[in-house]
Amino acid sequence: MTLNDILKRLKEPVAPSYISQKKVGNSVLDFISWFDYCDILDERCGLGNWYWEIVSTTISDNRYFMTGRLTIAGTDRSISQDATGTEILNCSSYGDPSSNAEAMALRRACAKFGLARELWRKDDKPNHSYQSQLKPMGKREITREEWLALRAKQG
């Protein structure tokens, strides 16, 4: 598949099954997990036709910064996009600062290629054809401490 073919496929709408929601403050945000982005890249680029690498990491002002590079390879040529991610060092969210920053960088690099770019829009326009197909969030989210305890039990 040529690079142009792949780039067209990356801009196609994402299946609603990949889209989750999370509550942030008083808002509910749509998002795709980093591992689902990897599955979508496998599907749309072809297994082995994309590559993710960490370009740099920096710790400064109680934050972890990461730059990653996503390369998409077609049969005729390849192209790369760099993107950054950041997380505070004592984050209270799931994951650790480096994995959260890496996930952010990967999502941003994918958006630069057009993949799920509509999820980044901050306007109130109803531009999500999948909106009515989303399942409501569970009644309760667990705390970081609860998540760490569950993770420790698993292993």
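Q: Leaving aside its neighbours within four places in sequence, which residues is M1 in contact with?
A: In this predicted model, M1 is in contact with I6, R9, R44, C45, G74 and T75, once neighbours within four places in sequence are set aside; each of these counts as a contact because heavy atoms lie within 4.5 Å.

Q: Why is M1 called partly exposed?
A: The relative accessibility of M1 is 39%, and the term covers values between the limit for buried, under 20%, and the limit for exposed, over 50%; M1 therefore counts as partly exposed.

Q: Where is M1 placed, and how many residues apart in sequence are M1 and G46?
A: M1 sits in the segment before α1 (3–10), and while M1 and G46 are 45 residues apart in sequence, their C-alpha atoms are 8.4 Å apart in space.

Q: What makes a set of residues a nonpolar core, and which residues have the most contacts inside the largest one?
A: Such a set consists of buried residues of nonpolar kinds, among them Ile and Leu, joined through side-chain atoms within 4.5 Å. The largest nonpolar core here has 25 residues, and I32, L41, L70 and I72 have the most contacts inside it. At least two residues of this core come from each of α1, α2 (34–45), β3 (50–60), β4 (63–73) and α3 (97–112), with α2 giving the most, 5 residues.

Q: Which residues is I32 in contact with, leaving aside neighbours within four places in sequence?
A: The contacts of I32 beyond those neighbours include V14, Y18, I19, Y37 and I40, as well as R107, A116 and L119.

Definitions and conventions
Residues numbered from 1 in each chain as written. Predicted model: local features only at pLDDT ≥ 70, side-chain atom pairs only at ≥ 80, totals over all residues. Heavy atoms only, no water. Helix = DSSP H or I, 4+ residues; strand = E, 2+ residues; numbered from the N terminus. Buried < 20%, exposed > 50% of the residue type's maximum accessible area, 1.4 Å probe, protein only.
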